[in-house]
Amino acid sequence: MTRFVKLLIFTAALLIGWQPQAYSQGENRANIQTADEQLLARANQERAQTGAGRLQWDPALAAAALYHCRRMVAEGPISHQYRGEPDLAARAGQAGAHFSLIEENVAVGATADTIHESWMHSPGHRTNLLNPEVDRVGIAVVASGGVLYAVADYSQVVQSMSATQVEGHVAALIRQSGISIFADPSLARAACATNEGVPHSANSQQPGFVMRWQGSDLTRLPPALVSRMDTKRYHRAEVGSCPAQGLDGSFTAYRVAVLLF
């Protein structure tokens with residue numbers, strides 16, 4: 001059998017009526033599962049050799065990948081987006097994925113091994129597959145016309161959290177500096193929804209410092225906020241979260257305001 005592969009690459013990053021259908025391949029399902037598993041296993045083997053973290057399976061990414069893989073089979077020439085189809089970020093977001101970085105490899109080839117080797121020998125595809133910043137993957141493989149169509153969607157996951165959960169997470173980081181947190185976040189939430197200033201309240205003390213930021217990483221506080229807290233001039237804080245502003249597509253990020261008193 002002639003060994004061949006056609007492939008395309010796509011990467012997207014955050015600078016801060018469609019629903020996925022259930023998989024059904026009848027008698028080919030066992031073979032397709034093997035191809036999915038083989039591509040995931042080989043990707044993790046390669047990543048282990050380069051020191052990149054292990055990819056975890058993401059069902060939402062897999063649903064988005066399957067939707068697009070079926071489009072590739074129907075359309076013929078492989079592509080990252082067809083007429084009337086949402087783009088990669090929108091597909092993944094509509095399937096329920098939360099991410100700050102998303103990448104995609106697509107290919108058509110004779111076997112899963114052929115597809116994997118072609119990705120590893122193509123600089124762009126190899127970069128996507130071995131990117132240490134991605135930690136989730138969803139892979140779909142559809143057999144048609146004697147070949148395999150494959151889509152691998154990689155992402156850097158962002159945990160889905162409510163405003164209250166975001167506030168609690170940030171408050172815990174602030175408490176490590178010995179600063180206590182106001183129980184009522186209403187003033188900070190109002191400040192979060194604006195781009196400057198703080199809404200005046202007759203019953204509220206005005207803060208001495210206001211910090212707003214937006215991003216997907218809640219493991220650390222902004223350096224400017226940390227610097228202010230290190231002055232020891234502030235003893236209490238109020239934390240508020242609100243919907244992120246100006247997001248591109250379906251990327252996930254959090255918007256936070258911290259008031260220091």
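Analyst: The side chain of Glu85 makes a polar contact with the side chain of His68, at 2.7 Å. A polar contact is a pair of N or O atoms within 3.5 Å; within protein, one must be able to donate a hydrogen and the other to accept it, and residues adjacent in sequence count only if both atoms are side-chain atoms. The model is predicted, so local features need pLDDT of at least 70 and side-chain atom pairs count only at pLDDT 80 or more, while totals for chains, interfaces and linings use all residues. Residues are numbered from 1 along each chain as its sequence is written, and side-chain values use heavy atoms, with hydrogens and water left out.

Glu85 sits in the loop between α2 and α3 (88-94); helices (H or I, at least four residues) and strands (E, at least two) are DSSP runs, numbered from the N terminus. At 4% relative accessibility, Glu85 counts as buried, where buried means under 20% relative accessible area, exposed over 50% and partly exposed in between (1.4 Å probe, protein chains only). Leaving out residues up to four places away in sequence, Glu85 touches Tyr67, His68, Arg71, His80 and Arg91. Contact here means heavy atoms within 4.5 Å.

Helix α2 covers residues 59-75 and contains Ala64. Ala64 has a relative accessible area of 0% and is therefore buried. Its C-alpha is 5.3 Å from that of Ala92, although Ala64 and Ala92 are 28 residues apart in sequence. Cys69 is also buried, at 0% relative accessibility. In the loop between β2 (56-57) and α2 lies Asp58, which is buried at 12% relative accessibility. Asp58 touches Arg136, Val137 and Gly138, again not counting residues up to four places away in sequence. From Asp58 to Asp153 the separation is 95 residues in sequence and 9.3 Å in space, C-alpha to C-alpha.

Next, helix α6. It has 13 residues, 163-175, which at 1.5 Å a residue should span 18 Å; the end C-alpha atoms are 18 Å apart, which agrees. The expected span is 1.5 Å times one less than the number of residues. The buried residues in α6 are Val166, Glu167, Val170, Ala171, Leu173 and Ile174. Seen down the axis, the buried residues of α6 fall within an arc of 160°, so they line one face of the helix; the arc is that of the directions from the helix axis to the C-beta atoms. What covers these residues includes β6, α7, β7 (209-215), α8, β8 and β9.

By the rule of a pair of cysteine sulfur atoms within 2.5 Å, the count comes to one disulfide. The torsion about the S-S bond is about -75°, so the disulfide is left-handed.

Rings of Phe, Tyr and Trp (its six-membered ring) pair if their centres lie within 6.5 Å; planes under 30 degrees apart count as stacked, over 60 as edge-to-face and the rest as tilted. Phe99 and Phe251 have ring centres 5.3 Å apart and planes at 75°, so this pair is edge-to-face. Phe99 belongs to strand β3 (residues 99-109) and Phe251 to the loop between β8 and β9 (254-260), so the pair ties together parts that are 152 residues apart in sequence. Phe99 is buried at 0% relative accessible area, and Phe251 is buried at 6%. Phe182 and Phe261 are likewise edge-to-face, because their centres are 5.1 Å apart and their planes at 80°. Phe182 is in the loop between β6 (180-181) and α7 (186-192), and Phe261 is in the segment after β9, so the parts tied together are 79 residues apart in sequence. Phe182 counts as partly exposed at 24% relative accessibility, whereas Phe261 counts as buried at 13%.

Last, a backbone detail. Most residues other than glycine have a negative phi. Lys232, not a glycine, has a positive phi of about 65°. Lys232 is in the loop between α8 (223-230) and β8 (236-242) and is exposed, at 54% relative accessibility.
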